[in-house]
Amino acid sequence: MEIERDGKPFNLVARRIIRNFNNKRIDKATLELLVECGLHAPSGMGKDLWHFTIINSEELINELIMIMRKLLNNDNYTMYYPKALIIVSNEVDNYHGMEDN
């Protein structure tokens, strides 16, 4: 299946690591497209038991950052202050859950 955005192929295979972030909010359509791409990724035994959670609330993201700072004992942890998060989780009893996430 070829996924398109604005009439053009959207190719995650040719992705690059980017650490030059901006402060623009990520629109809902882009977040949904990214989740759609994730849904087509292979999974252990083809079970596709994962769940995708989109968080784009600045308040919730900052709360998660504060929790991670405590857990990691690192007051400088920031996650680069993202405008959105897509959290992939899996069924607890899925044997392949760790590999799938």
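Which residues of H2 are buried? The views below come from a predicted model, and the opening one takes up this question.

**View A. The buried side of helix H2.** Ile-61, Ile-65 and Arg-69 are the buried residues of H2. They cover an arc of only 85° around the axis, so they sit on the same side of H2. An α-helix has 3.6 residues a turn, so residues three or four places apart point the same way.

**View B. The opposite face of helix H2.** This face of H2 is turned away from the buried side. It carries the exposed residues Glu-59, Lys-70 and Leu-71.

**View C. Helix H2 from end to end.** H2 covers residues 58–72, which makes 15 residues. At 1.5 Å a residue, H2 should span 21 Å.

**View D. A salt bridge within helix H1.** The structure holds one salt bridge. Its partners are Glu-32 and Lys-28, and their closest N and O atoms are 3.9 Å apart. Both residues lie in helix H1, which runs over residues 28–39. Glu-32 and Lys-28 are four residues apart, about one turn of the helix. Lys-28 has a relative accessible area of 61%, so it is exposed.

**View E. An aromatic pair.** The count of aromatic pairs comes to one. Trp-50 and Phe-52 form this pair. Their ring centres are 6.0 Å apart, with 65° between the planes. What kind of pair is this, stacked or edge-to-face? The pair is edge-to-face, because planes over 60 degrees apart count as such. Trp-50 is buried, with a relative accessible area of 8%. Phe-52 is partly exposed, at 23% relative accessibility.

**View F. A nonpolar surface patch.** Which residues make the nonpolar surface patch? Ile-54, Ile-86 and Val-88 make it, with an area of about 190 Å². Ile-54 is found in strand E3, which covers residues 51–55. With a relative accessible area of 34%, Ile-54 is partly exposed.

Notes: Residues numbered from 1 in each chain as written. Predicted model: local features only at pLDDT ≥ 70, side-chain atom pairs only at ≥ 80, totals over all residues. Heavy atoms only, no water. Phe/Tyr/Trp six-rings, centres within 6.5 Å; stacked < 30°, edge-to-face > 60°. Buried < 20%, exposed > 50% of the residue type's maximum accessible area, 1.4 Å probe, protein only. Patch = residues over 30% accessible without salt bridge, like charges linked within 9 Å, V, L, I, M, F, W, Y side chains within 5 Å. Areas by Shrake-Rupley, 256 points an atom, 1.4 Å probe, with all protein chains shown as cover. Salt bridge = Lys/Arg side-chain N within 4 Å of Asp/Glu carboxyl O. Helix = DSSP H or I, 4+ residues; strand = E, 2+ residues; numbered from the N terminus. Expected span 1.5 Å × (residues − 1). Arc of directions from axis to C-beta.
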